[in-house]
Amino acid sequence: MPTEPAPMKYAGARAGLEGALGAEGGPGPEPQKIKKPGYEEVSGLDALDLAPKQDKDRLGPRIWRSAWPKLLAILIVLLAWEIAYLSGWKPSYVFPSPAETFKTLGDLVTTADFWGGVRLTMTRAITGFALAVAIGTVIGAAVSRFAPLRAAIGSLITGLQTMPSIMWFPLAILLFQLGEQAIMFVVVIGAAPSVANGLISGIDYVPRTWLRVGQVMGMKGFARYRHLILPASLPSFVSGLKQGWAFSWRSLMAGELLVIVPGTISVGVRMQNARDLSDTPLVISYILVVLVIGILIDQLFNLADNALRKRWGLTGS
Amino acid sequence: MSILETSGVRTASVVRIENVSKTYGSGSNALLALDRVSLDVQQGEFVCLLGASGCGKSTLLSLVAGLDKISSGTLDTGGRKVALMFQEAALFPWLSVIGNVELPLRMQGVGKAERRQRALELLEVVRLEGFGDKRPHELSGGMRQRVALARALAQDADILLMDEPFGALDAMTRDILHDELERIWREQNLTVLFVTHNVREAVRLGDRVILLSSRPGRVIEDFAIKHPRPRRIDSPEVSGQAAEITDRLRAEVARHAN
């Protein structure tokens with residue numbers, strides 16, 4: 001028999017032999033063992049059923065493989081932009097070239113003022129999001145726990161989710177004037193429904209057999225939530241968080257453009273100022289900044305999501 | 001001892017099912033799943049419930065497990081603890097293998113060090129030493145059922161209820177797990193109620209095979225399996241008795257179809 005493991009595709013062919021050997025443990029040669037670290041103790045049928053350990057490529061080529069399509073896409077966008085600029089579609093003071101814009105952006109990100117603005121905006125975003133998560137989680141848990149509450153506001157939550165957040169600003173301004181609270185109000189009302197919905201659907205779709213297992217184990221009340229319902233609803237909750245973040249980020253940007261709190265110079269305020277000065281390169285620079293922040297945070301959520309999926313074995317490999 | 005005193009019968013019956021019926025729904029939509037089923041399971045007995053799909057054998061297990069309420073009759077487990085295993089292992093993916101086995105102990109309030117110790121012992125019982133730190137998805141189907149068995153044993157139950165636990169496994173793995181289950185059943189002095197639609201499996205494992213009819217579920221016959229253990233699923237004795245039971249089952253299905 002070969003000493004190296006057979007390719008997993010053909011594992012079934014050898015399963016019988018090794019299974020019989022491993023199970024009866026009779027005299028004779030030692031059962032074949034898979035020569036991979038960490039798997040030595042496995043023998044017989046089960047060893048062949050184990051998921052193959054994926055060989056990890058070196059880091060360099062892997063990064064390149066995932067990066068080149070993105071780089072190409074950026075290159076194409078820049079090229080189209082340059083062509084539009086050269087075609088003279090708009091005067092150059094209205095529609096700047098990529099080179100000019102990136103020069104502005106380069107100058108911008110080296111100023112302390114800019115980072116002050118980013119810090120203010122991010123502080124608002126994180127505070128608002130944290131508040132939305134806290135409120136959304138409480139509402140979601142309450143709705144999934146009490147049937148009358150679900151009947152009362154279940155569909156309302158979904159309705160709120162589809163409301164464009166900018167619709168809330170006139171009311172927010174009347175209620176809270178031009179202040180931080182007005183912005184927070186809209187950020188929370190934009191993000192909380194997604195968080196709540198993520199939790200509700202997570203709890204609703206806990207597999208029935210898991211619930212039965214919990215019941216047979218004698219799980220009740222708080223222990224049932226702590227050890228079964230909440231962990232089981234985690235993947236759905238994480239996607240709710242991710243969606244909630246997207247909503248809160250959008251609401252925040254709308255808020256910063258509309259609700260200018262005296263004395264605060266956030267990213268939105270700076271962008272508005274740039275528009276007032278007809279400084280298109282600066283406006284585009286801020287658009288790029290907001291885009292990059294959005295992508296970075298989204299990547300963070302994806303990282304968390306993927307780590308969870310990997311841990312649970314939900315990856316479709 | 002108290003069982004003997006109070007009941008005054010010669011054997012200790014662990015599960016007493018008397019004229020149990022189960023109806024789902026009500027009015028014209030009512031569906032009779034079980035019809036006056038009576039069954040006594042003795043201490044240490046391995047009883048297989050056999051029947052075609054829809055005969056209510058899983059319903060009966062749910063009733064014994066207390067997951068569902070009976071419509072009429074009496075069902076008495078004397079307050080004994082039950083553990084239940086399903087066709088799917090239903091392990092919790094957020095816990096490691098040993099975490100899954102420890103969970104029932106945790107629910108019983110067993111301390112941290114002790115439950116780790118006990119879980120390690122149980123993993124040894126199901127021959128999964130060294131796999132405690134793996135995640136359920138890293139294991140094969142057969143290994144997952146071993147973990148599920150260890151978790152059921154961790155519930156320290158007197159009665160082990162098994163609902164087609166090996167139904168989704170290949171024949172070779174199933175054969176090995178039959179041996180393991182038989183060994184564990186004897187070592188741990190368990191009482192097992194085992195649901196299957198596989199006649200050979202029932203004859204291979206059971207002290208008794210209870211044949212149920214379909215829609216509504218009724219006890220047709222109670223076969224005593226006397227062949228010496230350990231048995232082999234492909235032995236002439238097992239095959240012979242399986243053929244006999246299959247004929248009886250076939251006659252029942254035919255009667256039902258007409």
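Helix axes are lines fitted to C-alpha atoms over the stretch in contact, and the angle between two of them runs from 0 to 180 degrees between N-to-C directions. This is a predicted model, and that way of drawing axes applies to the helix pairs of chain A described here.

Take helix α4 (residues 98-109) of chain A and α13(A): their axes come within 9 Å and cross at roughly 70 degrees. Angles from 65 to 115 degrees count as roughly perpendicular, and α4(A) and α13(A) are therefore roughly perpendicular to each other. Their crossing is right-handed. On the α4(A) side the contact is made by Glu100(A), Thr101(A), Thr104(A), Leu105(A) and Leu108(A), which meet Pro281(A), Leu282(A), Ile284(A), Ser285(A) and Leu288(A) in α13(A). By class, the residues of this contact are six nonpolar, three polar and one charged.

A second pair in chain A is formed by helix α5 (residues 112-145) and helix α11 (residues 234-258), whose axes come within 10 Å and cross at roughly 135 degrees. The crossing of α5(A) and α11(A) is right-handed. From α5(A), the residues in the contact are Thr121(A), Arg124(A), Ala125(A), Gly128(A), Phe129(A), Ala132(A), Val133(A) and Gly136(A). Facing them in α11(A) are Leu241(A), Gly244(A), Trp245(A), Ser248(A), Trp249(A), Leu252(A) and Glu256(A). Eight of the residues in this contact are nonpolar, five are polar and two are charged.

An unreviewed entry places the feature "domain: ABC transmembrane type-1" at residues 118-301 of chain A. In the model that span is 84% helix and 0% strand, and its end C-alpha atoms lie 20 Å apart. The unreviewed entry also places the feature "transmembrane region" at residues 71-89, 125-144, 156-176, 182-206, 251-269 and 281-301 of chain A. Among these, residues 156-176 of chain A are 71% helix and 0% strand, with end C-alpha atoms 24 Å apart. Residues 251-269 of chain A are 58% helix and 0% strand, and the end C-alpha atoms of that span lie 14 Å apart.

Next comes the contact between the chains. Here 26 residues of chain A are in contact with 26 residues of chain B. On the side of chain A that touches chain B, two or more residues are given by each of α1 (11-24), α2 (45-49), α9 (208-216), α10 (221-232) and α13 (280-312) of chain A. The largest share of that side, six residues, comes from α9(A). The residues on the side of chain A that touches chain B comprise 14 nonpolar, seven polar and five charged.

Chain B also holds a sheet. Strands of a sheet pair through backbone hydrogen bonds, either parallel or antiparallel. In chain B an open sheet of three strands runs in the order β2-β1-β4, with antiparallel pairing. Strands β2 (31-42) and β4 (72-76) of chain B stand at the edges and have a single partner strand each, so one side of each is left without a neighbour in the sheet. From one strand to the next, the twist averages 15 degrees. Strand β1 (residues 13-24) of chain B pairs with β4(B) in the antiparallel sense over four bridges. Within chain B, Ile17(B) stands opposite Leu75(B) in β4(B).

Technical notes: Residues are numbered from 1 along each chain as its sequence is written. Chains are lettered from A and ligands numbered from 1 in the order in which they are written. This is a predicted model: local features need pLDDT of at least 70, side-chain atom pairs count only at pLDDT 80 or more; totals for chains, interfaces and linings use all residues. Two strands pair if DSSP finds at least two bridges between them. UniProt positions are given in the numbering used here, feature names are shortened, and annotations may be inferred rather than shown by experiment. A crossing is left-handed if the near helix is turned anticlockwise from the far one by less than a right angle, and right-handed if clockwise. Two residues are in contact if their C-beta atoms, placed from the backbone, lie within 7 Å. Ala, Val, Leu, Ile, Met, Phe, Trp, Tyr, Cys and Pro count as nonpolar, Asp, Glu, Lys and Arg as charged, and the others, Gly among them, as polar. Angles under 35 degrees count as roughly parallel, over 145 as roughly antiparallel, 65 to 115 as roughly perpendicular and the rest as oblique.
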